[in-house]
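Have the viewer open while you read.

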Amino acid sequence: MNFLAHIYLSGENGLIKIGNFMADGIHGKHFDSFPIEIRKGIILHREIDTFTDSHPLFRQSTKRLHANYHHYSGIIVDIFYDHFLAKNWKNYSDEKLEDYTERFYQSLRDNFEVLTPKTQKMVPYLVTQNWLMSYQTVEGIEIILEKMDNRMKRNSNMRFAVAELRTFYSEFEEEFTLFFKEIQYYSNQKIQTL
């Protein structure tokens, strides 16, 4: 799961969403200084990642990419799955995606002081380039993959993965749809126990 799915799977608590959103940059157990709801979001993020990485449907999606992208396959599928969430947003929320993303951006601005330095640097780009909305289109995914590939000094070849997305579009979408029902249930259960 990438940014949009992690935020969505956090439920309605704004601080849990923020913790889940920035959790990748927080290593080990070094998060005791954050407010309790942000800590819950960090833990939830890790639970979601563990569930996702071992799930047969997700692994089926990554296998389709493994020959060309090796260990980057999981990252690419995370982004593909965010695309299908954004594209089919009306199936998952009564709120328009534009309104949902703007509300999240505002939450980041309102809680800027509790964000990690890395997240603080990222927020202006996230908002001005409207990353979360860009997931809706294949062209948006192509741009995101290219930017990620550039950050990795073009060693991942992720910029080419949109070809597989186009070729196996219906297969990826079907796997996402089935998987997402399970991850929604799993996340809702985890939130109750945090």
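1. The largest pocket holds about 860 Å³ of space. A pocket here is an open set of points on a 1 Å grid over the protein atoms alone, where a 1.4 Å probe fits, with protein on both sides within 12 Å along at least five of seven lines; the volume is the space filled by probe spheres set on the points.

2. This is a predicted model: local features need pLDDT of at least 70 and side-chain atom pairs 80 or more, while totals for chains, interfaces and linings use all residues. Numbering runs from 1 along each chain as its sequence is written, and side-chain values use heavy atoms, without hydrogens and water.

3. Lining the largest pocket are 29 residues (an atom within 4 Å of a point). N2, F3, D24, M148 and R151 lie nearest its centre. Helix α7 gives the most, with five residues. By class, the lining has 13 nonpolar, eight polar and eight charged residues.

4. The second largest pocket has a volume of about 170 Å³. Among its lining residues are Y8, W89, Y92, R103 and Q184. α6 (97-110) and α11 (169-193) are the elements giving it two or more residues.

5. Now the helix pair. α5 (residues 73-87) and α9 (residues 138-151) pack at about 155°, axes 10 Å apart, so they are roughly antiparallel (over 145 degrees). The contact (heavy atoms within 4.5 Å) includes I76 and F80 of α5 and I141 and L145 of α9. Its residues divide into nine nonpolar, one polar and no charged.

How values were computed. Axes fitted to C-alpha atoms, helices over the stretch in contact; angles between N-to-C directions. Helix = DSSP H or I, 4+ residues; strand = E, 2+ residues; numbered from the N terminus. Parallel < 35°, antiparallel > 145°, perpendicular 65-115°, else oblique. Nonpolar A, V, L, I, M, F, W, Y, C, P; charged D, E, K, R; others polar.
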